Amino acid sequence: MPSRFIRELIPRREARTSLGGVVAALKSLTWVQWAQFWSGWFAWACDAIDYVAVSLTVPRLSTQFGKSTSAITTALTLTLLLRSVGAVIFGMISDRYGRKWPLVVNLLICCVIELGTGFVDTFSQFLALRALFGIAMGGIWGLSSSSALENLPVELRGLASGILQEGYIVGYIFAAVVNLTLVAQYGWRSLFWTGAGITFFAAVVRALVPESPFFLHVKEQEKEKGTDTSQSFLRKTKEMLKHHWLLCIYAVLLMSGLNFLSHGSQACSYTMYEHALDNDLFPTYLQITKGFSAHDATVATIISNCGASVGGAMGGWGSQYIGRRLMIICCVLLVGVFIPLWVLPSSFSALSAGGFCVQVGVQGAWGVIPIQLAEMSPPAFRATFPGVVYQLGNMVAAASAQIEATGGDNLKTTIMENGVLTVVPDYATVQAIFIGSVAIFVIVIALIVPEKHGSHFDDADDTDGEEATDHKSQMSSREVDEKSSA
């Protein structure tokens, strides 16, 4: 029985991809496909730069506006709460009008808000702009993932998914470098202005890349049928919610669990401890519970982020062979296996290794998500569905830091500090319990969430709840690509 259950998780033999198939698919890519993928990746990296600009400059912002750290982080809360609104607005616009110009406009709005943030004089102005930024930011992920993935061959989707998701890590690292260089010399405003400039460049790049061939193909079909686009889209929305409401719930639960897993292993600490200057709970845990210096904690965090980058690509790649759900489960199990190495040792090398391995698992699972959501999504809502469920899950998991802070207030341990035993929050135990519980939840949800490994994105109309089975009447991805190139 268990073996039969595992076989059901593994994709059919014909849906798996051989190494030769991946190489052949890479060689067959046109410049349009390359450009669409990397423009989507670039947009997602810019999203990270713009978002973490606040978290990296919390102490400077606190000094600038004369507010406490917890007051400054209200801006982050507003951004998280309003991201779902942006995902709905920009996702529906993209699914109706195209991938190209909605993403360009979305990036330009982010650029203007970032630029304006660098000129604010009052805290009220700052909060207002960050709230608006939350709406604009909410649209980026859904639009960038659909732009990047829907035109790629089936053989490359898994690897591309992992690379796309790790664009956020690249954006975070870039913002951290700017924070250590420009911000140290020119002040916090320079980080926001730099982010605005890079986002503007990303908008220009996307404007130069052609529209999605698959989207154009769908519109051609609608035109041939004489379909009223506005009425058709509203009808499809109602039909999608009617027939796929359970799928929406599954997806939100999965995204909530994975966001809890991510935030729980690298959650924001400044909402809990005003003296913590790092933007992740992991360095705070190293400093407070393990007695590390700020420098060693930062180095350990960089090492763990390297693990995240490796894990994302490996997770996406592996899902192409063993399936999306099974890859998520394997990565989450990897997290559970390395929790002891993550919390029990006291040496720098052991804890750094533990952080690296845990982040390989966490981001390995996340590397599957862009393509998992894209394949699960009803085809007419490939920008709206992934973006909305992702942001809803993110909103639910926003309480991670508060949950772990409360745990730290109730669980204490002692460390030797300056030759004196000092009572400190036991973040090791708190994080082990929290991450272990979330890992179990994610595995259960991953087992019941449906999977459409290797599904054809060009099945454009299945909102009635029935899957199209005759792919011969559809234009193949290669034919669409050749038409786009011509």
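This is a predicted model: local features need pLDDT of at least 70, side-chain atom pairs count only at pLDDT 80 or more; totals for chains, interfaces and linings use all residues.
Visitor: What share of the protein chain do buried residues make up?

Guide: Of the 486 residues, 57% are buried. Buried means under 20% relative accessible area, exposed means over 50%, and partly exposed lies in between (1.4 Å probe, protein chains only).

Visitor: What makes helix α9 count as largely enclosed?

Guide: Helix α9 covers residues 157–165, and seven of its nine residues are buried, so the rest of the structure largely encloses it. The buried ones are Arg 157, Gly 158, Ala 160, Ser 161, Gly 162, Leu 164 and Gln 165.

Visitor: How many aromatic pairs does the ring rule give?

Guide: The rule is that rings of Phe, Tyr and Trp (its six-membered ring) pair if their centres lie within 6.5 Å; planes under 30 degrees apart count as stacked, over 60 as edge-to-face and the rest as tilted. By this rule the count is 16 aromatic pairs.

Visitor: Why is the pair of Trp 38 and Trp 41 called edge-to-face?

Guide: The ring centres of Trp 38 and Trp 41 are 5.5 Å apart and the planes stand at 75 degrees, so the pair is edge-to-face. Both residues belong to helix α3 (residues 31–56), where being three residues apart separates them by about one helical turn.

Visitor: What kind of aromatic pair do Phe 260 and Phe 434 form?

Guide: Phe 260 and Phe 434 are edge-to-face, with 6.0 Å from centre to centre and 70 degrees between the planes. This pair links distant parts of the chain, 174 residues apart: Phe 260 is in helix α13 (residues 229–265) and Phe 434 in helix α20 (residues 427–448). Both Phe 260 and Phe 434 are buried.

Visitor: Which residues do ring pairs link into a cluster?

Guide: Trp 44, Trp 141, Tyr 168, Trp 366 and Tyr 390 are linked in this way.

Visitor: Where does Arg 130 lie?

Guide: Arg 130 lies over the face of Phe 133, at 4.3 Å from the ring centre. The rule asks for NZ of Lys or CZ of Arg within 6 Å of the ring centre and within 35 degrees of the ring normal. Arg 83 lies over the face of Tyr 51, at 5.5 Å from the ring centre.

Visitor: What makes a salt bridge of Arg 99 and Asp 95?

Guide: A salt bridge is a side-chain nitrogen of Lys or Arg within 4 Å of a carboxyl oxygen of Asp or Glu. Arg 99 and Asp 95 meet at 2.9 Å, N to O, and both are buried. The whole structure has six salt bridges.

Visitor: Which residue does Glu 150 form a salt bridge with?

Guide: Glu 150 pairs with Arg 99, the closest N and O atoms being 2.9 Å apart. Glu 150 is in the loop between α8 (123–149) and α9, and Arg 99 in the loop between α6 and α7 (100–117), 51 residues apart. Glu 150 is buried at 3% relative accessible area, and Arg 99 is buried at 4%.

Visitor: Why is the pair of Glu 375 and Arg 157 said to tie parts together?

Guide: Glu 375 forms a salt bridge with Arg 157, with the closest N and O atoms 3.2 Å apart. Glu 375 lies in helix α17 (residues 348–376) and Arg 157 in helix α9, so the pair ties together parts 218 residues apart in sequence. Glu 375 is buried, at 1% relative accessible area, and Arg 157 is buried at 3%.

Visitor: Which residues do salt bridges that share partners join into one network?

Guide: Asp 95, Arg 99 and Glu 150 are joined into one network.

Technical notes:
Residues are numbered from 1 along each chain as its sequence is written. Side-chain values use heavy atoms; hydrogens and water are left out. Helices (H or I, at least four residues) and strands (E, at least two) are DSSP runs, numbered from the N terminus.
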